[in-house]
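Please examine the sequence and the coordinates before reading the solutions.

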Amino acid sequence: MTPSQLRASLILQVRAGQITAQQAAQQLGISRQAFYKWERRGLKALMGALEDQAPGRPKASTGPEKDQLKHRVEQLERQVQLYEQRDNLRQLLKDMESRDDRDSTKKNSK
């Protein structure tokens, strides 16, 4: 039994009146006040899990990690655009230089 399963089992036993909170706390090696804290957290989580849910698939979460990844993708896309623009400019300059070379060769041959 995992520690969380043990805590859940003891909380249910206390709630069912099978053992006291003091006995459960002793089995867990904690104070009675700490046991009640665990009990409150466990019951709160249970109630949250049993709340009515909207039908269908839940919406995708937008946690901080996802936001960071989106931001990084946007940065990288901007970088790619800059590299593409630089490449286009280099190609234009190359084309212009080759035209100038051809033009100067034509003028020299006349």
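The exercises below refer to this structure, which is a predicted model.

**Exercise 1. Determine how H1 and H2 are oriented to each other and which residues form their contact.**

Solution. 
Step 1. Helix H1 spans residues 3–15, and its packing angle with H2 is about 165°, the axes being 9 Å apart.
Step 2. Angles over 145 degrees count as roughly antiparallel, and H1 is therefore roughly antiparallel to H2.
Step 3. The crossing of the pair H1 and H2 is right-handed.
Step 4. On the H1 side the contact uses Leu 6, Arg 7, Leu 10 and Val 14; on the H2 side it uses Ala 21, Ala 24, Gln 27 and Leu 28.
Step 5. Sorted by class, the contact of H1 with H2 comprises 6 nonpolar, 1 polar and 1 charged residues.

**Exercise 2. Determine how H2 is placed against H3, and describe the contact by residue and by class.**

Solution. 
Step 1. H2 covers residues 21–28 and H3 covers residues 32–49; their axes lie 8 Å apart at an angle of about 95°.
Step 2. The range from 65 to 115 degrees counts as roughly perpendicular, so H2 and H3 are assigned to that class.
Step 3. H2 contributes Ala 21, Gln 22, Ala 24, Ala 25 and Leu 28, while H3 contributes Arg 32, Phe 35 and Tyr 36.
Step 4. In the contact of H2 with H3 there are 6 nonpolar, 1 polar and 1 charged residues.

**Exercise 3. Complete the set of helix pairs by treating H1 with H3.**

Solution. 
Step 1. The angle between H1 and H3 is about 95°, and the separation of their axes is 10 Å.
Step 2. This angle makes H1 roughly perpendicular to H3.
Step 3. From H1, the residues Arg 7, Leu 10, Ile 11, Val 14 and Arg 15 meet Phe 35, Trp 38, Glu 39 and Leu 43 of H3.
Step 4. The contact of H1 with H3 divides into 6 nonpolar, no polar and 3 charged residues.

**Exercise 4. Which residues of H2 are buried, and how are they arranged about the helix axis?**

Solution. 
Step 1. Ala 21, Ala 24 and Ala 25 are the buried residues of H2.
Step 2. Viewed down the axis of H2, these buried residues fall within an arc of 100°, so they line one face of the helix.
Step 3. As a general point, an α-helix has 3.6 residues a turn, so residues three or four places apart point the same way.
Step 4. The cover over the buried residues of H2 includes H1 and H3.
Step 5. The face of H2 turned away from its buried side carries the exposed residues Gln 26 and Gln 27.
Step 6. Gln 27 touches Leu 10 and Ile 19, residues up to four places away in sequence not being counted.
Step 7. After H2 comes Gly 29, with a positive phi near 75°.

**Exercise 5. Is Glu 39 buried or exposed, and which residues does Glu 39 touch?**

Solution. 
Step 1. Glu 39 belongs to helix H3.
Step 2. Buried means under 20% relative accessible area; at 8% relative accessibility, Glu 39 therefore counts as buried.
Step 3. Leaving out residues up to four places away in sequence, Glu 39 touches Ile 11, Val 14 and Arg 15.

**Exercise 6. Where does Ala 16 lie, and is Ala 16 buried or exposed?**

Solution. 
Step 1. Ala 16 is located in the loop between H1 and H2.
Step 2. The relative accessible area of Ala 16 is 52%; exposed means over 50%, so Ala 16 is exposed.
Step 3. Ala 16 and Gly 29 are 13 residues apart along the chain, and their C-alpha atoms are separated by 21 Å.

Definitions and conventions:
Residues numbered from 1 in each chain as written. Predicted model: local features only at pLDDT ≥ 70, side-chain atom pairs only at ≥ 80, totals over all residues. Heavy atoms only, no water. Axes fitted to C-alpha atoms, helices over the stretch in contact; angles between N-to-C directions. Helix = DSSP H or I, 4+ residues; strand = E, 2+ residues; numbered from the N terminus. Parallel < 35°, antiparallel > 145°, perpendicular 65-115°, else oblique. Contact = heavy atoms within 4.5 Å. Nonpolar A, V, L, I, M, F, W, Y, C, P; charged D, E, K, R; others polar. Left-handed = near helix turned anticlockwise from the far one by under 90°. Buried < 20%, exposed > 50% of the residue type's maximum accessible area, 1.4 Å probe, protein only. Arc of directions from axis to C-beta.
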